[in-house]
Amino acid sequence: MKFGIIKERKNPPDRRVVFTPEELVRLKNEHPEAVIKVESSDIRVFNDDAYRNLGIEVADDISDCDVFFGVKEIPVDYLIPNKKYFFFSHTIKKQAHNRKLLQAILDKNIELYDHETIVDANNKRLIGFGRYAGIVGAYNGFRAFGIKYDLFTIAKAETLQTKEDLVVRLKRQILPNIKIVLTGHGKVGMGAKEILDGMKLKQVSPDDFLNKIYTQPVYTQIDVLDYNKRIDGTKADSNKDFYEHPEAYISDFERFTKVADIFMAGHFHANGSPDILTREMLNAADNKIKVVADISCDVDGPIACTIKASTIADPFFGYLPSTGEEVPYTHPGAILVMSVDNLPCELPKDASEGFGEMFMKHVIPAFFNGDKDGILQRAKITENGKLTPRFEYLQDYVEGNGVHS
């Protein structure tokens with residue numbers, strides 16, 4: 001089995017990599033039969049010599065490998081027929097801009113495994129950069145708050161190396177007695193919580209957050225039944241009711257908008273779930289939220305002010321609730337929004353180290369144990385020039401129908 005680590009070719013450049021030099025050494029030690037090659041890259045956060053110095057082969061041509069590992073989408077012209085590829089294809093939700101990519105993968109008889117489709121037997125995702133999105137997103141939320149109120153200026157996350165560097169910068173700042181509401185208990189939400197806890201901010205219950213006044217900054221982390229309520233007024237016993245019947249719910253987030261200063265959105269929002277933060281809530285006279293860090297970044301989704309994805313280069317914009325339009329974030333009536341959709345790129349070293357550890361734990365063994373847990377089989381999107389049964393729902397997308405923007 002020959003594994004190839006490919007150079008990232010998507011713009012803007014992504015410095016992350018699936019495997020750090022140390023993880024590849026571990027792979028070779030645990031599976032001596034594996035042959036590993038790294039494609040030379042001048043942008044990767046670990047340079048070529050970092051691999052060479054640990055005995056990993058680096059080459060300009062790695063086309064003789066069987067399986068290729070990358071992070072972002074691969075330009076169609078660089079896809080090699082009859083190979084296996086792992087990368088984020090951004091096709092499984094029928095994204096319009098990547099339809100040609102999936103068509104090319106089928107035409108070239110490539111086996112595609114998307115990092116998003118690597119799941120366990122209960123369909124729980126095993127691989128992702130969500131934790132690092134949460135870490136960087138929370139940092140950016142405080143950076144936005146400092147700018148909004150002209151309180152402090154801290155360095156961009158991309159200029160720092162580790163999560164600890166971010167925490168050190170934030171702990172130096174003196175925050176007023178603000179309230180921060182965080183949604184989500186998955187990898188993204190818990191990543192954001194790492195920053196809040198690293199800053200030693202006090203965590204309070206949702207009820208105390210809503211009803212008590214504090215002399216220090218505090219935060220609360222809320223779940224779906226905290227910010228949604230049943231339309232019929234009954235109380236659900238567990239989150240399961242919401243997940244099974246989202247249509248029976250409406251948002252109950254407005255009670256948080258009346259007291260929170262910063263909203264950090266780290267939730268997963270399933271199709272059919274009610275919108276969370278509406279334009280009406282933001283436009284209400286008693287709305288207190290002035291900074292929204294939408295880490296999940298669903299454009300035109302459950303957070304009304306996320307009208308576009310912002311960029312690492314230009315992460316903040318203003319949203320005017322009265323018109324629903326973008327304005328300069330210095331506008332006195334603007335909500336300052338951070339909705340960068342590739343946050344982990346700002347912390348490429350940490351993100352790559354964490355990703356490689358997950359990949360070694362959950363995916364690499366499947367190549368050597370006959371895929372006894374079905375990891376590869378579940379993740380495989382294409383085979384023999386066709387969609388696999390699990391992903392046949394993409395056929396209309398491949399044919400040019402059912403495309404989502």
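Two strands count as paired here if DSSP finds at least two bridges between them. Keep that in mind for this predicted model, where eight strands line up into an open sheet. Below is a quick tour of that sheet, the nonpolar cores and a couple of residues worth a look.

**The sheet**
- Reading across, the strand order is S8-S9-S7-S12-S13-S16-S14-S15, and the pairing is mixed.
- At the edges sit strand S8 (202-203) and strand S15 (325-327), each pairing on one side only.
- S7 and S12 run parallel and are joined by four bridges; Thr-183 has Ala-265 in S12 as its bridge partner.
- Helix H4 packs on this sheet, touching S7, S12, S13, strand S14 (316-320) and S16. The direction of H4 makes about 160 degrees with that of S13.

**Strand S13 and its partners**
- S12 and S13 are parallel too, with four bridges between them, and Ile-262 stands opposite Val-291 in S13.
- On to strand S16 (residues 335-338): three bridges join it to S13, again in parallel, and Val-292 stands opposite Val-337 in S16.
- S13 (residues 291-294) is covered on both faces. Val-291 and Ala-293 are buried on one side, and Val-292 and Asp-294 are buried on the other.

- In soluble globular proteins, nonpolar side chains tend to be buried together.
- The largest nonpolar core here has 77 residues, and Phe-19, Phe-69, Phe-86, Phe-142 and Phe-359 have the most contacts inside it.
- Helix H4 (residues 130-148) is the top contributor to this core, giving nine residues.
- Leaving out neighbours within four places in sequence, Phe-19 is in contact with residues including Ile-5, Tyr-51, Phe-69, Gly-356 and Phe-359.
- There's also a second, separate core of 30 residues, with Tyr-214, Val-218, Tyr-227 and Ala-260 among them.

**Lys-179, a buried charge**
- Lys-179 lies in strand S7 (residues 179-183).
- Lys-179 is buried but has no salt bridge. Its nearest side chain of opposite charge, Asp-261, is 7.6 Å away, and a salt bridge needs the charged atoms within 4 Å.
- Not counting residues up to four places away in sequence, Lys-179 touches Asp-208, Tyr-214, Val-218, Ala-260 and Ile-262, among others.

**Phe-268, out in the open**
- Phe-268 lies in the loop between strand S12 (262-265) and helix H11 (279-283).
- Phe-268 counts as exposed because its relative accessibility is 69%, and the cut-off for exposed is over 50%.
- Phe-268 and His-185 are 83 residues apart in sequence, yet their C-alpha atoms are 8.9 Å apart in space.

Key
Residues numbered from 1 in each chain as written. Predicted model: local features only at pLDDT ≥ 70, side-chain atom pairs only at ≥ 80, totals over all residues. Heavy atoms only, no water. Core = buried A, V, L, I, M, F, W, Y, C linked by side-chain atoms within 4.5 Å. Buried < 20%, exposed > 50% of the residue type's maximum accessible area, 1.4 Å probe, protein only. Helix = DSSP H or I, 4+ residues; strand = E, 2+ residues; numbered from the N terminus. Contact = heavy atoms within 4.5 Å. Lys, Arg positive; Asp, Glu negative; His and termini not counted. Axes fitted to C-alpha atoms, helices over the stretch in contact; angles between N-to-C directions.
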